[in-house]
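Subject: Structure handover

Hello,

Here is the structure I promised to pass on. Please open it next to this email and follow along.

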Amino acid sequence: MATQATPNLSQPAGSEHTAPRRIWVEVLHDWVTTVDHKKIGLMYIGYALVFLVIAGFEALLMRVQLSLPNNHFVSPQVFNQLFTMHGTTMVFFVGMPILFGFGNYLIPLMIGARDMAFPRLNAFSFWISAFGGLLLYFSYLGASGLSGAGSAPDVGWWAYAPLTARAFSPGHSTDYWTLAILLSGIGTIGTAVNIVATTICMRCPGMKLNRMPLLVWLYLVMSCLVFVTISPLTAAQIMLMLDRYLGSHFFDTQAGGSAVLWMHFFWIFGHPEVYVLVLPAFGFANEIIPVFSRKAIFGYPAMVAASVGIGFISLSVWAHHMFTVGMTSGANTFFTLATMAISVPTGIKIFNWLATLWGGKIHFTASMMFAIGFLFQFLIAGLTGIMLSVAPFDWQLGGSYFVVAHFHYVLVGAILFMLFSAFYYWFPKMSGRMLSEKLGKWHFWLFLIGFHVTFDLMHIPGLEGMPRRIYTYEADRGWMMWNMAISCGAVIQTVATLLFVYNMIWSYFKGPVAGPDPWDAWTLEWSTTSPPPQYNFAETPTVESRRPLWDLKHPLDPDSHYE
Amino acid sequence: MHQVWFSLPAQSLSGNGSGSTSIFAPAGSPAHSIFDLSMLVLAICTAIFLTVGGLLLYVLVRYRHRANDANAAQEPPQIYGSTQIELSWTVIPILIVVMLFLATARIIFATQDHPRPADALDVTVIGHQFWWEYRYPQLGIVTANELHVPVSDPHHPTPTYLTMSSADTDHSFWVPRLAGKTDLIPNRINTMWIDPQSAGLYLGQCAQYCGTQHAKMLLRVYADSPADFAAWVASQQRPAVEDPSVAAGLAVFQHNACISCHTVAGTVATGRFGPDLTHLASRDTIASGSVPNTPANLRAFVQDPANFKPGALMPPMHLNDHDLDAVTAYLMSLK
């Protein structure tokens, strides 16, 4: 690949006229065979965005169905497939890939490295994950065998045993689900290995661990969590396949297996998975909030300690998803305490962000507005999380729409908001062009309104006894008005998201040229061109503080004096 | 339409409507103690939200960038951290957590390890796709979908202890006004207790995804006064009514697949895959609480259960109109 005469920014502008215009096969070949961390990062982000649109559309169909009681817009079978596919897609084929995409793109740039530690493993991980996503959706065509009609998996994204046993899930839809998760898990572990190795071994001279950007710290913690959480999930998928095809009985209750065993396997993955998704979002916030407050992050060591603390505590909270399965009072008490304990490091983070804003000069760019939305919404999500950690309260709220509202507050209100913020912040670096601020603010306000209409109101039917995963509900329960309003909010969010997609496409071609450092920022990725050349840095940078570009811009008062 | 639109939310918030399943309208001890605890938690969380959210708003307004400021281009003073401040916002949350945890632990133990009174009623609850089986071992009663329990006087409590398991997939028993939910898991016995303190009907539904018709696996708990409960027990303990005027329907019932899945005590029908029909006509609803028990609904259900519950395991019976009428008449005679 390196021998190809590919025009890029590193070459003089005139060479574009002499180089022959490449045909699309060459471009495609270039992308498919690439081991460049930036291209792989962009492919991760691209494929996650495609799945985001698909899974968002599935959510919209569910909201149409639920807008009225006893509605017949979709059948119960289709509805059950929709929530299974929506959840599985969003967690495995949107959330993790898009975060890995940003990580892949940013980590080498932020630590002054040429590429990831294992570029080929990087490409392998991407393609195996992408294949998993395609396999999941192939079930719509081929899950009942090539000659039969398709049927997507309908066991829910956590696929509780024994619903996944062959007695209750005949056909192959559950197998496609299992294989998709298995493949995505292999890719995820591969990328996590890569991130850990890159952060440990590839930092540029002077970048000690305590000078590493917080984003990289959070990706490091997240990748370590991936090892501990994806492994049991992968083991459980293999056991499930053994149950379904080789006659073992791990989860097969009809032959003496244990349904609760699956729950433990799933949630020892499932709860740390929430932190796998949210830690990178914290990482974005740690970079973006200081830059737009024009202040250094407050309490860097406390932020690192809190992140590592969250990583450890998150491994001891999984059974708060199981408060209703009949654990002993002692076990319920333990998991209540462990879950509440995680609010302490999480609180430390929120307070430190607050202190970073304090005394700053806050610039309300579209990126910063999304970050502030994240702060407010993550605060609320944390508080409803505390409510759910109270085991007796959870006996009422668990499995209800209150929980659905709570975790969407985390996944959309916190993570997706922070992702949008990251797009507005790093899109100029990745594309060389600014996103439209005007469209960005429209996007922010529309999405904010849609989000709050949907997910604030969604808590209420939960308090009124509406369980999740029901394709319809009784007319006499009083849930109709809330559900109608929730569905309207979903439509507003859809419009806002389409605006964002339009903004990305328009700005890619027509946006103002960004230059290397449009935000007057402080980390290394802004010291190279936008987009960066294939080799990232013409010469390996050397750093002396946490904010190398601050030191360059303020040679008389560098950070290195204070750290 | 408009009336329904506006009246239902108001009714459900107050929790007094007949259809209420609000956790804020507790009618039994476990639900009451959860309600009290939840008020404490809500109060603390609201206080935290107002404090932190208020500070955040203040900061955003106070420290916004002002373009027309004299030194707008200058960077603000850089502050890197403070150990004292970090400590204070670590210790204070820890104290709040300890307080919340102690209050929670008390309720967990008080509910789960509650001493069982000697005269408590036992009911075995078995979850099925997509209906509820209730067996009263002390009373020799088997019924389905409509649970009758005695009202429990707080001064002389007569709680009902539910011993729960599942015949197929996971289910969850959730009647919000009486107690939190407890899962029904195959190969596992769970227990919970309820003690409704005033007579009435308490609604709920399955709260653990259990398959296609999870949504129509509704719960109805009738809390009966002692006299009503005794009368209900007496009526359920009687053998099935034998009414010669519906002999044709009985014949249809016994000569079709009905008897492989359903029981009518005292007849050849001893199936156990579907609900016990011995006193079907004494119930208010069919199809696990989803439609009123009227001859027309029952006939439509027998003709094809998918009319009300697509995905229900009972197959369409393919009976001709004459047989359908006859078997409906027979089933409606099973008082």
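Below is what was found in it, part by part.

This is a predicted model: local features need pLDDT of at least 70, side-chain atom pairs count only at pLDDT 80 or more, and totals for chains, interfaces and linings use all residues. Residues are numbered from 1 along each chain as its sequence is written, while chains are lettered from A and ligands numbered from 1 in the order in which they are written.

**Chain A**

Chain A has 17 helices and 0 strands. (Helices are DSSP runs of H or I with at least four residues, strands are runs of E with at least two, and both are numbered from the N terminus.) Its radius of gyration is 24 Å, close to the 24 Å that the globule rule gives for 563 residues, so chain A is as compact as a globular protein of that length. (The radius is taken over C-alpha atoms; the rule is 2.2 Å times the number of residues to the power 0.38.) The C-alpha atoms of chain A fill a box of roughly 70 × 55 × 40 Å along the principal axes. Buried residues make up 60% of the chain's 563 residues. (Buried means 20 or more other C-beta atoms within 10 Å of the residue's own, exposed means 12 or fewer, and partly exposed lies in between; C-beta atoms are placed from the backbone.)

**Where the chains meet**

78 residues of chain B are in contact with 79 residues of chain A. (Contact means C-beta atoms, placed from the backbone, within 7 Å.) On chain B, helices H1 (2–14), H2 (29–62) and H3 (83–112) and strands S7 (182–184) and S9 (200–205) each supply at least two residues of this side. H3(B) gives the most, with 16 residues.

**Two domains in chain B**

The domain assignment, which is automatic or from a database, gives domain 1 (121–233) and domain 2 (244–332) of chain B. Their centres, over C-alpha atoms, are 23 Å apart. 17 residues of domain 1 of chain B are in contact with 14 residues of domain 2 of chain B. On the domain 1 side, strands S2 (131–136), S3 (141–144) and S10 (218–224) of chain B each supply at least two residues.

**Strands to trace**

Start with S2(B). Buried or exposed, where do most of its residues fall? 5 of the 6 are buried, so S2(B) is largely enclosed by the rest of the structure. S1 (121–128) of chain B pairs with S2(B) in the antiparallel sense over 5 bridges. (Strands pair if DSSP finds at least two bridges between them.) The two form a hairpin with 2 residues between them. B:His128 has B:Trp131 in S2(B) as its bridge partner.

S2(B) also runs antiparallel to S3(B), joined by 4 bridges. B:Glu133 is bridged to B:Ala144 in S3(B). Their hairpin has 4 residues between the strands, and B:Gly140 takes a positive phi near 70 degrees there.

Now find the open sheet of 3 strands in chain B. Its order is S4-S10-S9, with mixed pairing. S4 (146–150) and S9 of chain B are the edge strands, each pairing on one side only. S4(B) and S10(B) run parallel, joined by 5 bridges.

**One last residue**

B:Ala300 is found in helix H7 (295–303) of chain B. It counts as partly exposed because it has 18 C-beta neighbours inside 10 Å. B:Ala300 and B:His114 are 186 residues apart in sequence and 45 Å apart in space, C-alpha to C-alpha.

Best wishes

Definitions and conventions: Contact = placed C-beta atoms within 7 Å.
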